[in-house]
Amino acid sequence: MNTISGETNIIRGFSISPGLAEGQIYLHRDIFDAKDSFSQTETYNADAEVDRLDRATLKITEDLLTLAARVEKEIDIQLAGVFGAHSAIVNDALLKEELRREIIENLVSAGSAVKSVFLRWEKRFLQMESIIAREKGEDFRDISIRLRNALANVTGHALENIPPGCILATQRLLPTDTLFLASRSTSGVLLEYGTMGSHAALFTRQMNVPCITGISNILNILPADGYALVDAQDSILTVNPDLQARTFFSARIKQYANDLKLAKKNSQLPSFTEDGIEVAVNANIGGKEDANIALEHGAQGIGLYRLEQFYIGRSVPPNKMELLEEMNETLSAFKGKPVCIRLLDIGSDKPLPFMGFLTEPNPALGRRGVRLMRQFPELLYTQLEAILCLVKDYTVQILIPMVTIPDDVLFVRKALTKLASQHDITPPQLGAMIETPAAALSASRIAPHVEFMSFGTNDLTQYAFAADRENIEVEDYYDDTSAVIFRLIELVHHDIPKMPLSICGELAGRQEAIAHLLKLGIRSLSVAAPLVPSVKETIRNTNLASKMV
Ligand code: PEP
Ligand code: MG
């Protein structure tokens with residue numbers, strides 16, 4: 001075993017929630033595994049086991065629904081949605097039948113059946129390429145633990161006794177785990193698994209808990225009694241630091257808290273550079289909770305409303321009224337303000353349950369974003385119809401994802417013009433996402449059909465470097481701050497200098513890139529809601545007249 005004891009060790013991970021934290025390490029293992037084997041001395045009765053399983057399922061369904069209501073009220077609506085979805089999964093007819101068969105055909109206890117069937121489902125999802133599917137695997141693990149607890153009459157949770165102020169180190173943070181952290185003021189989280197889009201990331205960002213992931217073999221390399229400095233700004237973990245490092249880090253934490261306080265104080269003010277150029281700072285959102293955080297943090301508008309989150313939780317596509325209701329609810333805090341709604345960007349890293357038939361050998365290069373809507377225009381019409389109902393209350397813009405050729409834009413333009421004239425509405429502004437090198441290199445041919453453009457630098461980087469944005473094995477190739485990306489942005493601005501350009505990829509929130517972006521003609525940034533105050537502060541400290549980039 002490779003445990004770090006006593007001596008200082010520095011480990012590089014991957015930050016999924018920013019910030020700085022220090023504290024005692026608290027190692028958390030999944031201790032459940034041995035509990036549910038069927039005792040050979042008991043008389044086995046398959047019907048009784050099925051009955052036990054049914055009762056446990058009923059019990060946890062009630063628990064999950066109560067939990068979802070409580071979490072929605074007290075913590076976060078998105079997290080609440082996760083528990084609502086868990087109650088649907090545990091009652092899924094296919095899953096229930098598989099469990100029943102496992103008991104009857106293999107003559108095992110309800111607990112063993114849950115363990116093996118859920119493990120099978122979890123593995124299926126974990127083997128899938130897509131990040132969302134992998135998170136589903138985590139959902140199955142979480143439900144399995146809950147169900148087995150109910151069968152074994154175990155109440156309480158292993159994290160119930162986590163001391164306040166410590167640094168939690170565990171392999172993965174399951175949705176249920178997060179609830180205990182919420183009430184235990186955990187300072188930081190260290191994980192082996194968990195990506196930017198995982199539940200763990202969603203929760204830790206939401207609760208402002210710094211989190212570093214990607215720490216291999218975490219439970220064996222971290223000492224249970226160690227002390228940790230978690231630098232989730234630079235993705236560095238220091239275990240057992242010496243006194244000097246600790247003192248220095250404590251001072252950094254203080255400074256960081258002060259900077260944040262100052263940035264928040266000024267966050268509702270507009271942001272002008274030192275030489276008086278105004279730059280709009282908007283927020284990227286996926287649901288209502290993000291929108292509330294965006295408003296609180298001073299976002300001037302919504303620069304990217306990702307609709308996928310709403311579609312992903314559904315087994316059939318929403319109709320116009322359902323979509324409209326969701327959009328109205330999400331955007332209500334931004335009435336009268338600019339809101340940029342991105343048309344559905346599914347496929348590749350964002351697959352949909354009801355589009356499961358779309359199996360392609362290389363989905364990132366297949367039918368995603370606008371390509372899929374061109375093939376299934378009903379998907380597009382429903383969205384446009386719903387968006388047109390919003391124009392009386394919001395300053396709406398529509399953004400097209402994954403534009404590659406001018407025809408992609410023309411297709412949407414034609415549909416929008418037709419539907420708007422049918423309803424006698426002036427069509428909202430239409431914009432193209434520039435997230436493929438082809439779109440950047442042919443921006444002047446796309447420009448006549450749109451009113452604005454927004455760089456999706458996450459995908460632009462993926463496609464420019466031919467490096468999967470989700471694949472840690474090629475992360476050295478994936479560099480969104482590279483000169484290559486700035487060059488593409490510069491080229492677009494050069495070719496169509498009058499076109500309003502914004503950035504809505506992660507690059508917009510990187511402090512070190514902001515001055516460079518503004519000098520290339522960008523006057524609008526859209527970032528994760530909690531980053532709005534610090535991005536505004538960076539703009540205020542930038543002087544476009546100065547020669548330094
Ligand atoms: C992007 O690609 O930069 C972007 C903003 O879109 P998404 O991350 O949703 O693909
Ligand atoms: Mg994208």
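**A colleague's notes on this structure**

1. Helices (H or I, at least four residues) and strands (E, at least two) are DSSP runs, numbered from the N terminus. Asn240 has a phi near 50°, a positive value in a residue other than glycine. Asn240 counts as buried because its relative accessibility is 14%, where buried means under 20% relative accessible area, exposed over 50% and partly exposed in between (1.4 Å probe, protein chains only).

2. A word on how to read all this: the model is predicted, so local features need pLDDT of at least 70 and side-chain atom pairs count only at pLDDT 80 or more, while totals for chains, interfaces and linings use all residues. Residues are numbered from 1 along each chain as its sequence is written, chains are lettered from A and ligands numbered from 1 in the order in which they are written, and side-chain values use heavy atoms, with hydrogens and water left out.

3. Now the whole chain. The protein chain has 21 helices and 17 strands, and 52% of its 549 residues are buried. Its accessible surface is about 24,900 Å², 54% of which belongs to carbon and sulfur atoms; such areas come from the Shrake-Rupley method with a 1.4 Å probe, and for residues only the protein chains shown count as cover. Of the contacts (heavy atoms within 4.5 Å) between residues at least 6 apart in sequence, 68% join residues at least 24 apart.

4. Which residues coordinate the magnesium ion (ligand 2)? They are Glu435 (OE) and Asp459 (OD), at 2.0 to 2.2 Å. Donors here are N, O and S atoms within 2.8 Å of the metal (3.2 Å for Na, K and Ca), and water is not among the atoms, so sites may look incomplete. Both Glu435 and Asp459 are buried.

5. Look next at helix H18, since Asp459 lies in it. Asp459 belongs to helix H18 (residues 457–464), while Glu435 is in the loop between strand S14 (429–434) and helix H16 (437–441), 24 residues apart from Asp459. In H18, 7 of the 8 residues are buried, among them Asn458, Leu460 and Tyr463. Their cover includes strand S11 (302–306), helix H19 (483–495) and strand S16 (501–503). Just after H18, Ala466 has a positive phi of about 50°.

6. Met402 also deserves a look. Although Met402 is not a glycine, its phi is positive, at about 60°. Met402 is in the loop between strand S13 (395–400) and helix H15 (406–422), and its 2% relative accessibility is why Met402 counts as buried.

7. Finally, a helix pair. Helix H20 (residues 511–519) and helix H21 (residues 532–540) pack at an angle of about 50°, with their axes 10 Å apart. That angle makes H20 oblique to H21: angles under 35 degrees count as roughly parallel, over 145 as roughly antiparallel, 65 to 115 as roughly perpendicular and the rest as oblique. Axes are lines fitted to C-alpha atoms, for helices over the stretch in contact, and angles run from 0 to 180 degrees between N-to-C directions.

8. How do these two helices meet? Gln511, Ile514 and Leu518 in H20 meet Ser534, Val535, Thr538 and Ile539 in H21. Thr538 is buried, with a relative accessible area of 15%. Leaving out residues up to four places away in sequence, Thr538 touches Gln511 and Ile514.
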